[in-house]
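Hello,

Here is the structure I promised to pass on to you. My notes on what turned up follow just below it.

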Amino acid sequence: MKPLALSPEDIAALGRRAEAMLEELAAISAEPERLVRLYLTPEYRRAADLIAQWMQEAGLDVFEDELGNVRGRIGKPPYLLLGSHFDTVLDAGRYDGPLGIVAPILAVDAFSRAKQEPPCGIDVVAFGDEEGSRFPSTLSTSAGVAGKFDAKQLDLKDKDGITYAEALKAYGKDAGKISSAAIPASEAAGYLEMHIEQGPVLETAGEPLGVVTAIAGQTRLQMTLTGEAGHAGTVPMNLRKDALAGAAEITLLAEKVAAEFKKNSMVATVGRMEVSPGAINIIPGVVRFTLDLRSASDESRNRAIEQFERQAKEIAARRHLGYAADVIHRIATTPCHEKMQARLAEAIKAVGANPLKLTSGAGHDGIMMSAICPIVMLFVRCRGGVSHNPAEYASPADMGVAIAAFIRFIEQFKPDLKS
Ligand code: HGY
Ligand code: MN
Ligand code: MN
């Protein structure tokens, strides 16, 4: 097909439109002072309606599946799947997720404006639960689209004790029909996700765009240390069973283990900690906290977790604390398809950029989509590498070039990558 004519002004305009759409979406939040948009909440509903409106305006046939993903289709299967998520972390940036929804909508809109059908069927998917900010799950709705939804998720509770199943029902969905959200593998020809890099590699290299080669594997633990609450003024230090002091030592252990496995780009984070009873004059009796451990090497990640748990138990025993840990998420490193990478590199070159290759330390919905089709991701330069933070920023210029590369990828795409 004749490539769409995209002048430098057209490309710049695409970036400005993306910025305006992201700003409109970022205004839909549970809190006025910071961006918080959790799966199946009223603000999630408002955001879903706005995304559906944009999809419709771009010429997509829009529907919502039984997990609350917003889907926009054009053409016939097998589809090139394009998408990302619109749930957010707490106090989020506006690009993490939504950039990967706005970009395909603008790409399809460019074909519609040129009165050209995209050369292949397209399914734009706005996923609902990538971050796992509401329920202790992650990637649950892309798992649903990949036909891998784990029904045990339905019993997970949010911080108010509402289960995933109750939230789905309140949102007007039928958990008994979740399997209808799945796209048959035969209809999924490939998946491309655009995402802000969330790291400093592209900016350091002076490049606007990157081709993701693999998405790092992750292990997440929910740990509980049980000591003895006591009077802060009367219990001598050597007789205490201080759960928070133990959690602090184990948090430093996580740092030490990650440093020991540095060569495998190991990162370890204790991101959430609940202290009880949580009063200034009571020795903490129970602490619940999380570990998020990642590496591009599954073998070293598994060794690191074993070492961490062994040494964490030693710390707990020495402090006379009970130690319990559940693995709440474990996923292997996901390679991106070589040919999809090569095609994306060609599309990036076609718009005059250099296709820098890099791995993703962040997890993405593409992990789940790799179960049914070849995947690849297009990273966009991230100012200062800052993300999961309201200071997160991608420039309209970079977003415009990224969307132009997206359009070139769609134009060249053929559903011939599945054996
Ligand atoms: O945690 C992650 O990697 C992703 O942002 N959910
Ligand atoms: Mn994120
Ligand atoms: Mn994300």
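In these notes, helices (H or I, at least four residues) and strands (E, at least two) are DSSP runs, numbered from the N terminus. This is a predicted model, in which local features need pLDDT of at least 70 and side-chain atom pairs count only at pLDDT 80 or more, while totals for chains, interfaces and linings use all residues. Residues are numbered from 1 along each chain as its sequence is written, chains are lettered from A and ligands numbered from 1 in the order in which they are written, and side-chain values use heavy atoms, with hydrogens and water left out.

Let me begin with ligand 1. Around it are Glu 130, Glu 131, Gln 218, Arg 220, Arg 294, Ala 362, Gly 363 and His 388 (each has a heavy atom within 4 Å of the ligand). This shell has four charged, three polar and one nonpolar residue (Ala, Val, Leu, Ile, Met, Phe, Trp, Tyr, Cys and Pro count as nonpolar, Asp, Glu, Lys and Arg as charged, and the others, Gly among them, as polar). Ligand 1 lies between domain 1 (8–215 + 333–412) and domain 2 (217–331), because both give residues to the shell; the domain bounds come from an automatic or database assignment.

There are polar contacts too (pairs of N or O atoms within 3.5 Å). A nitrogen atom of ligand 1 is 3.0 Å from a side-chain N or O atom of Glu 130, and a nitrogen atom of the ligand is 2.9 Å from one in the side chain of Glu 131. For Arg 220, the side-chain N or O atom is 3.1 Å from an oxygen atom of ligand 1. On its own, ligand 1 has 210 Å² of accessible area (Shrake-Rupley method, 1.4 Å probe), and the protein covers 93% of that.

Next, the second largest pocket. Strand E13 (residues 322–331) gives the largest share of its lining, four residues. A pocket here is an open set of points on a 1 Å grid over the protein atoms alone, where a 1.4 Å probe fits, with protein on both sides within 12 Å along at least five of seven lines; lining residues have an atom within 4 Å of a point. The space in this pocket is about 330 Å³, and of its 14 lining residues, the closest to the centre are Thr 138, Asp 150, Gln 153, Ile 328 and His 329. The volume is the space filled by probe spheres set on the points, which are joined across faces, edges and corners.

Finally, Pro 77 and Pro 78 are joined by a cis peptide bond, with omega near 0°.

Best wishes

Definitions and conventions:
Polar contact = N/O pair within 3.5 Å; in protein donor to acceptor, adjacent residues only side chain to side chain.
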